[in-house]
Amino acid sequence: MTKAPGPAAASDPKVYGWCPGALRPMMSGDGLVLRIRAPQGRLSQDQARAIASLSERFGNGLIDLSARANLQLRGITADSYPALISALQDLDLVDHDSAAEARRNVILTPLWQPEDISHRIATQLEQALRDAQDLSLPGKFGFVVDAGESPRLRDCAGDIRIEASDAELLLLADGADYGKVVSAKTAAKAALDLARWFLQQGGAPEGRGRMQPLIARRGPPMSHITPRRTCTPSPMIGHCAIGQLVGLEFGQITAQALATLAEQGALRLTPWRMLLVEGARDLTARHLPGLILDARDPRLRVSACTGAPGCLQALSATRDLARDLARFVPEGQLLHVSGCAKGCAHPGPAPLVLTATAPDTFALIHHGKAGDQPLRVSLRADALRAAPQILTEGS
């Protein structure tokens, strides 16, 4: 029996091999996309207010929160870009050197406390990466610092991880179950040594590559012999020790909503499509229209990329369909609606996936990625809305 072609057969999307940065923006369907890597993943109230103002002044007023806990300003024009960069540098949110800004790709657990072990390591690591002028890593290569008592970032994208493991601190290559014991003082240097090992082992031919495929081919370094512990699930929307976690529909927030949040406290960026508002306790939907404050909200069971026309690679609009189907997704499952086979909004497998193959036309995939073998093809968006049980048939 001949298998149905995968979604990519309809139209192979362009793979850039890098993510937009502040000093290396990427053109999209709605203008330039500029990504801000806030130091320690935190915005002061003044910084957050300023970003909201800059987004409205120089962009289209839409701001994305990426899975790497970065902010993306959208709709930037080439003419306004230089003034925007200058303003962001004045806010200490962008490095003055593009290579250093690209290397400083660190996700810090949003639940850090000032001067705790995670915060200290991340601060040292960011500075070490700025200084490592000899280190030429692939554009998507990143670091994860998750050294609190309960590691939370196991499912977040990262190539080199520093995480707690019982009473020890482990340095891990992504894809490995064993790591190297390090200390708070040695962790940052050890992470850079592991990055150089990755390059020496041929992990980035032609400047592209990730740690996990390299580990699958040859395993971790010989010194990585300590097993890692199990992790704790990511926190839910609501209160935590630091403040209050607020969900963003499809990881996007308007400039106006960001400014409103900034009135409540400093903001921490998370890789969970949530913002952590420091010190907040009583945020309500009345204060924050368009944001998600209920952990049971069905929109938390869907993910969707920008889609057409905002993304040049997308073959169809995505978010209206995801929003309409959200309430039909079974609890505990996730529906990923992707505008093309790259699956940027959810690179890993999902229980339910719809991948666009043409305008308002999708392939259905169960327990896979956006580019995997489909269960059904040529599903029209209106047919899915009329009969949402199609999503789970045969699962």
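How many nonpolar, polar and charged residues are in the lining of the largest cavity? By class, the lining holds seven nonpolar, three polar and four charged residues; here Ala, Val, Leu, Ile, Met, Phe, Trp, Tyr, Cys and Pro count as nonpolar, Asp, Glu, Lys and Arg as charged, and the others, Gly among them, as polar. The structure is a predicted model, in which local features need pLDDT of at least 70 and side-chain atom pairs count only at pLDDT 80 or more, while totals for chains, interfaces and linings use all residues. Residues are numbered from 1 along each chain as its sequence is written, and side-chain values use heavy atoms, with hydrogens and water left out.

A search of the whole structure finds one cavity of 30 Å³ or more, where a cavity is a set of points on a 1 Å grid over the protein atoms alone at which a 1.4 Å probe fits but cannot get out, and lining residues have an atom within 4 Å of a point. The largest cavity contains about 110 Å³ of space, a volume being the space filled by probe spheres set on the grid points, which are joined across faces, edges and corners. Its lining is made of 14 residues, and the closest to the cavity centre are A38, G41, V106, I107 and E126. Two or more lining residues come from each of β6 (106–108) and α4 (117–131); these names follow DSSP runs numbered from the N terminus, with helices (H or I) of at least four residues and strands (E) of at least two. The largest share of the lining, three residues, is given by β6.

Six strands form an open sheet in the order β6-β7-β8-β9-β10-β11, with mixed pairing; two strands pair if DSSP finds at least two bridges between them. Because β6 and β11 (226–227) stand at the edges with a single partner strand each, one side of each is left without a neighbour in the sheet. Inside this order, β9 (residues 168–173) and β10 (residues 178–182) are antiparallel and share three bridges, and L171 has K180 in β10 as its bridge partner.

Another group of strands is built around β4 (62–65). This strand pairs with β14 (residues 252–254) in the antiparallel sense over three bridges, and I253 in β14 is the bridge partner of I63. Strand β4 also pairs with β5 in the antiparallel sense, again over three bridges, with L65 opposite L71 of β5. Together β4 and β5 form a hairpin with five residues between them, and A69 in the turn has a positive phi of about 60°. With a relative accessible area of 7%, A69 is buried (buried means under 20% relative accessible area, exposed over 50%, and partly exposed in between, with a 1.4 Å probe and protein chains only).

Helix α2 (81–90) has Y81, L84, I85, A87, L88 and Q89 as its buried residues. What covers them includes β2 (31–36), α1 (45–58) and β5, where contact means heavy atoms within 4.5 Å. An α-helix has 3.6 residues a turn, so residues three or four places apart point the same way.

The helix is followed by D92, which has a positive phi near 60°. D92 is found in the loop between α2 and α3 and counts as exposed, because its relative accessibility is 60%. The loop between α2 and α3 (98–103) also holds D95, which counts as buried at 10% relative accessibility. The D95 side chain makes a polar contact of 2.8 Å with the side chain of R104; such a contact is a pair of N or O atoms within 3.5 Å, and within protein one must be able to donate a hydrogen and the other to accept it, while residues adjacent in sequence count only if both atoms are side-chain atoms. Leaving out residues up to four places away in sequence, D95 touches L23, Q89, A100, E101, R104 and R130.

Most residues other than glycine have a negative phi, and most peptide bonds are trans. A cis peptide bond, with omega about 0°, joins A308 and P309. P309 lies in the loop between β18 (302–304) and α8 (319–325).

Finally, A356 belongs to strand β20 (residues 350–358) and is buried, with a relative accessible area of 1%. Residues up to four places away in sequence aside, A356 touches L315, S316, S338, G339, C340, T361 and F362. A356 and T318 are 38 residues apart in sequence, and 8.2 Å separates their C-alpha atoms in space.

Notes
1 Å grid on protein atoms, 1.4 Å probe; cavity = no way out; pocket = protein on both sides within 12 Å on 5 of 7 lines; lining within 4 Å.
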